[in-house]
Amino acid sequence: AAGQRGPGGIALVGPASGAPSCPHGPALLFVKTSRGKEEGRRFYACSACRDRKDCNFFQWEDEKVSETRLAAREEYNRNHQPTFTHRQNVERYKNFVLLPLSKRRFCQECQQLLLPAEWEKHSDHQLLCDITTAQLKSPSQLLYPLENKKTNAQYLFADRSCQFLLNLLIDLGFRRVLSVGTPRLHEMIQSKASQEEDFRVRSLLLDIDFRYSQFYAEDEFCHYNMFNHYFFGGEAAYETCRKFLYEDNGERVIMVTDPPFGGLVEALASSFKKLMAMWKETGKEGESNKEMPMFWIFPYFFESRILDFFPSFSMMDYQVDYDNHALYKHGKTGRRQSPVRIFTNLTPSMIVLPVEEGYRFCTSCQRYVSFGNQHCEICNSCTSKDGRRWKHCVLCKKCVKPSWFHCSNCNCCALPNHSCENTDSGCFVCGRAGHKRSACPSLS
């Protein structure tokens with residue numbers, strides 16, 4: 001989802017009824033803003049891609065689009081849909097698993113399981129042969145991760161984090177997991193369910209990566225865009241998700257989501273609220289005032305934005321690690337630590353973090369915190385966000401990062417080598433001081 005792109009001010013207006021569509025579903029409505037001036041012209045852009053190279057859909061809101069162009073656009077959208085439907089992929093998978101090992105091939109260039117009749121078409125492509133059942137059960141390791149960090153950002157949970165999350169969900173009593181953009185957690189659940197007879201957890205994966213439809217049945221995967229709450233499979237897929245959210249035999253359901261970090265928080269929050277509303281419609285007795293339990297996995301520096309949309313959430317200290325991300329790997333000190341955290345609406349004291357990894361329980365805060373997160377008596381809170389021990393600034397009346405110092409020009413703490421020249425610049429939209437663009441009253 002497009003956020004504030006470059007120095008030009010662009011703000012999300014939101015999903016709009018009757019919005020035009022691109023291959024990624026209904027577009028989102030944005031507005032151009034410039035400092036101190038009236039709101040600019042509104043336009044539609046792709047909900048999922050921030051980079052015009054990935055999807056160049058653009059239309060002014062007040063633009064009259066000719067019938068010819070509409071027809072061409074529909075044709076373009078049709079041509080950019082996957083070669084096979086989900087149902088066809090399920091049938092292909094059934095045929096694929098019946099093949100002897102020597103005939104099981106996967107085309108790395110097309111990212112597709114191949115049946116013998118298709119070999120010739122892919123003869124000059126890079127192929128993987130002898131695909132085992134274990135590989136089929138771990139598609140996230142068979143498929144190339146799509147690492148465009150703004151659209152797909154398939155940085156996959158490291159085994160340590162995935163195992164921790166699953167154990168935590170089981171300990172908390174959840175038996176069904178709505179996995180929104182968390183393919184590795186989904187496959188760990190699926191794999192355990194097929195191997196262990198007494199394993200009772202079920203998962204439904206909602207993901208924009210249609211390649212997963214080659215490995216999962218229609219009640220295990222829905223092709224879904226979390227930036228505009230769009231089910232590519234239409235009413236049938238929506239119904240699959242709705243059914244999954246109904247609680248059977250008192251089994252509790254939780255949503256776990258790991259969105260691309262380059263995505264707009266406003267767009268994600270809007271979709272997550274719609275998924276929560278679907279859960280609420282199941283109308284369980286005594287649940288009318290509650291929110292669907294949720295883990296939103298995101299970097300700690302988005303905390304204030306997430307709490308704007310979900311005031312009931314709090315941030316846990318647990319550091320989530322990724323296998324294929326150069327920076328977000330488990331480290332013991334300073335800046336090497338992953339900035340990714342779990343935001344949840346569950347009671348913080350219920351989230352037990354592993355003591356052997358240096359987490360401890362703070363009795364004053366009633367939650368588990370990281371080893372370096374020392375309780376500040378003045379703030380009456382464990383204030384560190386990044387795992388290092390923070391220090392209290394009397395003038396700022398809050399704790400700040402250990403590398404920051406109080407600057408008398410800026411009247412706040414900052415890095416020692418920061419430049420003070422921008423201190424009088426106000427909001428980008430209206431030019432007034434005291435708030436940022438995202439909180440500008442002119443935008444509301």
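Here's a quick tour of a predicted model, from its nonpolar cores to a helix pair and one cysteine.

**The cores.** The largest nonpolar core has 83 residues, and Leu178, Leu185, Leu206, Phe272, Leu275, Phe295 and Trp296 touch the most other members.

Now for H5 and H6, which pack at about 65 degrees with their axes 10 Å apart. The crossing of H5 past H6 is right-handed. Here's who makes the contact:

| Helix | Residues | Contact residues |
|---|---|---|
| H5 | 159–171 | Asp159, Cys162, Gln163, Leu165, Leu166, Leu169 |
| H6 | 183–195 | Arg184, Leu185, Met188, Ile189, Lys192 |

Sorted by class, that's seven nonpolar, one polar and three charged residues. Leu185 turns up here on the H6 side, and it's also one of the core members that touch the most others. Leaving out residues up to four places away in sequence, Leu185 touches Phe157, Cys162, Leu165, Leu166, Leu169, Val177, Ser179 and Val256.

**The cysteine.** Where do you find Cys55? Look in the loop between strand S5 (42–45) and strand S6 (58–60). Cys55 has a relative accessible area of 7%, and because that is under the 20% cut-off, it counts as buried. Skipping residues up to four places away in sequence, Cys55 touches Cys22, Pro23, His24, Cys46 and Cys49. Take His24: it's 31 residues from Cys55 in sequence, with 8.7 Å between their C-alpha atoms.

Key: Residues numbered from 1 in each chain as written. Predicted model: local features only at pLDDT ≥ 70, side-chain atom pairs only at ≥ 80, totals over all residues. Heavy atoms only, no water. Helix = DSSP H or I, 4+ residues; strand = E, 2+ residues; numbered from the N terminus. Buried < 20%, exposed > 50% of the residue type's maximum accessible area, 1.4 Å probe, protein only. Contact = heavy atoms within 4.5 Å. Axes fitted to C-alpha atoms, helices over the stretch in contact; angles between N-to-C directions. Left-handed = near helix turned anticlockwise from the far one by under 90°. Nonpolar A, V, L, I, M, F, W, Y, C, P; charged D, E, K, R; others polar. Core = buried A, V, L, I, M, F, W, Y, C linked by side-chain atoms within 4.5 Å.
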